[in-house]
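I opened my notebook today to look up a few things in one protein model. Here is what I went through, entry by entry.

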Amino acid sequence: MTDMVRAAVQVAPGKIEMREYPRPTVGPDDGLLRVEANGICGSDVETYRGHLGGPRPAFIPGHEPLGIIEEIGDRAAERWGVQPGDRVALEVIVPCRSCQDCLTGRYQFCRNRKYGHGVTGVDTEPALWGGMAEYMYLSPTSVLHKMDKTLPAEVAALYNGMGAGVRWACHLGEVGLGDTVLVLGAGQRGIAAVVAARAAGAGTIIITGLSADAHKLAMARELGADHTLVVDGDEAADVVATVEEITGGQGADVVLELTPLAAGPVSDALLAAKRGGRVVLAGLKGNREIPLRTDLIINRALTIRGAFGVDAKGMADAIALIESRRFPLEKMHTHTFGLDEVELAIQTLGGDVPGEAAIHVSVHPSLAEV
Ligand SMILES: [Zn+2]
Ligand SMILES: [Zn+2]
């Protein structure tokens, strides 16, 4: 390899340009990753549009990177349990591993965290913090998960979305054998939650989406959903009434609310949950207040849980699920792009490219253009 590394840099909202950075020198505690693929999610789209994160220095996107260990220090190899040539998936957060939050398992809330993969700016040495580059820097406290090298890269790159599905449905929603599960929102993570719920032995799985999500609802059905409901347009389904009908008036054991910005689905989530049911909230509403009938929570003895991202257990279980090859997850992958096409990749996932029905999109830096 040469001494310079090519990277896609988001310099402003709606503006990504190619730049080159010096290859970092690896010491005993850090490493260098040859990036194979990056999954793209809604937060890449919102950050590109300038709706998320506020003003920020130029940065290399790519917070769902997958790659091969190119170079690694002795102490880092021992600590992470990996060798050059191993394939790893990364978490966004680079925690300090020393504060009270880190020491008690809540490393996602680490109060000392200074860096994030796909987040930290290029003005912070050694610049290569994000996955949209040929090589990426592995910081001494980066969180790595080993993955099966024989999986196609675009399938392995599903780990982040699958991690969310597993954490929200199984760990926070505690989906068990025979449970009725309602998933509000049919994005990548909604579909991943369907797969996770199915793997956990759910009985009936219901998922909602918009008419523009028809291809995602079809995919959800193929991967395990029993009922798909379209909630907009002339034929919009009444979600609560339909769930009551399907469950014989009981309601759903577990409801996952994953829709962005909309307030109505939060009420639907509470109304569709059965007595003693669990409701997991993961759809951010842009920080606005939304009306809530708290009596429902009391009278139905509901458990409400807030979901913040994915944790190491979610990642590990999702990776095991992907590696089991039990579900044809490759069907979720719709688009592959090269490093020179990051903007096009983000626009494709964001639904801004006419005629393209995207579900899972990934950027593979070893390819310039596809
Ligand atoms: Zn993401
Ligand atoms: Zn910490």
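**Notebook: a salt bridge between strands**

I began with Asp 253, which is buried at a relative accessible area of 13%. I kept in mind that this is a predicted model. Buried means under 20% here, so Asp 253 qualifies.

Next I looked up its partner. The side chains of Asp 253 and Lys 274 form a salt bridge, with 2.6 Å from N to O. I then checked where the two sit: Asp 253 is in strand β13 (residues 252-257) and Lys 274 is in strand β14 (residues 273-281), so their pairing ties together parts that are 21 residues apart in sequence. Is Lys 274 buried or partly exposed? At 26% relative accessibility, Lys 274 counts as partly exposed.

I moved on to other charged side chains. Salt bridges with shared partners join Lys 15, Glu 17 and Arg 19 into one network. I noted 3.4 Å, N to O, for the bridge of Lys 15 with Glu 17. For Arg 19 with Glu 17, I wrote down 3.1 Å, N to O.

Lys 15 is partly exposed at 44% relative accessibility, Glu 17 is partly exposed at 27%, and Arg 19 is partly exposed with a relative accessible area of 30%. The count of salt bridges comes to 23.

**Entry three: the zinc ion**

Which residues coordinate the zinc ion (ligand 1)? I found Cys 41 through SG, His 63 through NE2 and Glu 64 through OE, at 2.0 to 2.2 Å. Along the chain, these donors follow the spacing C-x21-H-E.

His 63 is buried, with a relative accessible area of 12%. Glu 64 is buried too, and its relative accessible area is 0%.

My last stop was helix α6, which covers residues 188-199 and has twelve residues. From its first C-alpha to its last, α6 reaches 17 Å, close to the 16 Å expected at 1.5 Å a residue.

How many of the twelve residues of α6 are buried? I wrote down ten, so the helix is mostly covered. Among them are Gln 188, Arg 189, Ile 191 and Val 194. Just after α6, I came to Gly 201, which takes a positive phi of about 95°.

How values were computed
Residues are numbered from 1 along each chain as its sequence is written. Chains are lettered from A and ligands numbered from 1 in the order in which they are written. This is a predicted model: local features need pLDDT of at least 70, side-chain atom pairs count only at pLDDT 80 or more; totals for chains, interfaces and linings use all residues. Side-chain values use heavy atoms; hydrogens and water are left out. Donors are N, O and S atoms within 2.8 Å of the metal (3.2 Å for Na, K and Ca); water is not among the atoms, so sites may look incomplete. Buried means under 20% relative accessible area, exposed over 50%, partly exposed in between (1.4 Å probe, protein chains only). Helices (H or I, at least four residues) and strands (E, at least two) are DSSP runs, numbered from the N terminus. The expected span of a helix is 1.5 Å times one less than its number of residues. A salt bridge is a side-chain nitrogen of Lys or Arg within 4 Å of a carboxyl oxygen of Asp or Glu.
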